[in-house]
Amino acid sequence: MSNVAGQAYSLTVLTPVLPDREPALRASLQQLNEGRRSLFEQLGDTHLVRLVLVDQLVYEGPPQLRDTLTSRYLLFTAVFDGALEPFLNRLCRRMGPVIDSVWSHCVGFPGTRDPGKAITYFRHNQIDATFFYAAYPDASVAQVLDALTLRERFTSFALQAQDMQPTARQAAFEATFPSSSRPR
Amino acid sequence: MDTGQAGPAATATATVPAGNLDGRVQAITVLSPIKPGWWIWLRILFWTLGHLQFLAKPLTQLSFIHYAHWAVVDRIPFNGAPQLGARLHYKYLLFESNFNGSWDQYIEAFSEVVGQRMTAIWGSSFGFPGPIPVAPFKAYIRRNEFAANYYWSAYPQATTTIVLQALELQHKFGRFVAQTRSMSAVEFADAYDALLTDVQQDL
């Protein structure tokens, strides 16, 4: 499936904005920016998220005929670990109020009180990828974060240990990277 | 050329629109009209790229891209009233990428490193001027680009290179730990020196 690369899934959803709700939607998105760091972190499995308001299509001049959108659209894209359904389930159950605050401005959104209906809504409005590229397709969010932490800790250790005697270095290594915390 | 209405990013200053940036990770979102019939070419092209990995290899050489995808948007989902059905003349090519470095460097790399592939992809869209010279190519992308209203990364300070280095280190470190579990201090010292040599490009 083109939405998948390794264990990563790329989801794109395009939903129409209710008439005259664009300013309110913009305000909701601005509020997301104000609480940004903790919002999607709580899912634990999401690499990237973007939300884009599409207000009109581009016209490049003749011979193109002009296309005009009759609604504004909200484009939502997320790259996450694993399958679609479990992700949408977590999204709607753990981030219900946030999801409601954004998509309540979109046509047909049923709310997250019934997560099943919200999931059906997102799937109905999904745009499949035709080609999905991932630089590290098999690495989950947790693995990437662990690897980044290890890199930082090992670099620090290497600097501190460079002049140590062998016995001291081995002891320092085992103290810095106890067996229980080492990658398997 | 009458460029008519353009995406919001077309009016952005030389700086990155705030919504497109989280730490060192940047978003780009481009939506371009596909010339009649060319969507078939795009489906064949992307199917080929997806199944013949060596053709997509140049993308890995652009080592500053975390994730990217293209989508041929051939329908706009309908959700009933008050949404009006969208009757469009064309299908649209949606491109989204997440990368490090400046926007200019990114487009220049596309132009210089994978120019032929850019022509193969965006040559299917109205108004594409070709990847070279790069100035018209940049202007084209700007016209067709939309700034994100919200953008978030789980590891915003990590470049693609750093993530790949960290994952490689993680793999080598795990192997090192398994191999040195019962070593003496002298044996450990030799193995540790070998590890440092092996991972120096990953630190």
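**Reading a predicted two-chain model**

Student: Where in chain B does Asn98(B) lie?

Tutor: Note that this model is predicted. Asn98(B) sits in strand E4 of chain B, which covers residues 92–99.

Student: Is Asn98(B) buried or exposed?

Tutor: Buried means under 20% relative accessible area. Asn98(B) has 6% relative accessibility, so it counts as buried.

Student: What does the side chain of Asn98(B) join in a polar contact?

Tutor: The side chain of Arg50(A). That polar contact is 3.0 Å.

Student: Which residues is Asn98(B) in contact with, leaving aside neighbours within four places in sequence?

Tutor: Look in both chains. From chain A come Leu48(A) and Arg50(A). From chain B, the list includes Val25(B), Phe64(B), His66(B) and Tyr151(B).

Student: Now a loop. Where is the place of Gly85(B)?

Tutor: Between strands E3 (65–73) and E4 of chain B.

Student: What does Gly85(B) touch, not counting residues up to four places away in sequence?

Tutor: Thr70(A) and Phe78(B).

Student: How many helices and strands has chain A?

Tutor: Chain A has 7 helices and 5 strands. From the N terminus, the order is β-β-α-α-β-β-α-α-α-β-α-α.

Student: What radius of gyration has chain A?

Tutor: Compare it with a globule. A compact one of 184 residues would have a radius near 16 Å, but chain A has 22 Å. The C-alpha trace of chain A spans about 75 × 45 × 35 Å along its principal axes.

Student: What share of the residues in chain A is buried?

Tutor: Buried residues make up 55% of the 184.

Terms used. Residues are numbered from 1 along each chain as its sequence is written. Chains are lettered from A and ligands numbered from 1 in the order in which they are written. This is a predicted model: local features need pLDDT of at least 70, side-chain atom pairs count only at pLDDT 80 or more; totals for chains, interfaces and linings use all residues. Side-chain values use heavy atoms; hydrogens and water are left out. Helices (H or I, at least four residues) and strands (E, at least two) are DSSP runs, numbered from the N terminus. Buried means under 20% relative accessible area, exposed over 50%, partly exposed in between (1.4 Å probe, protein chains only). A polar contact is a pair of N or O atoms within 3.5 Å; within protein, one must be able to donate a hydrogen and the other to accept it, and residues adjacent in sequence count only if both atoms are side-chain atoms. Contact means heavy atoms within 4.5 Å. The radius of gyration is taken over C-alpha atoms; the globule rule is 2.2 Å times the number of residues to the power 0.38.
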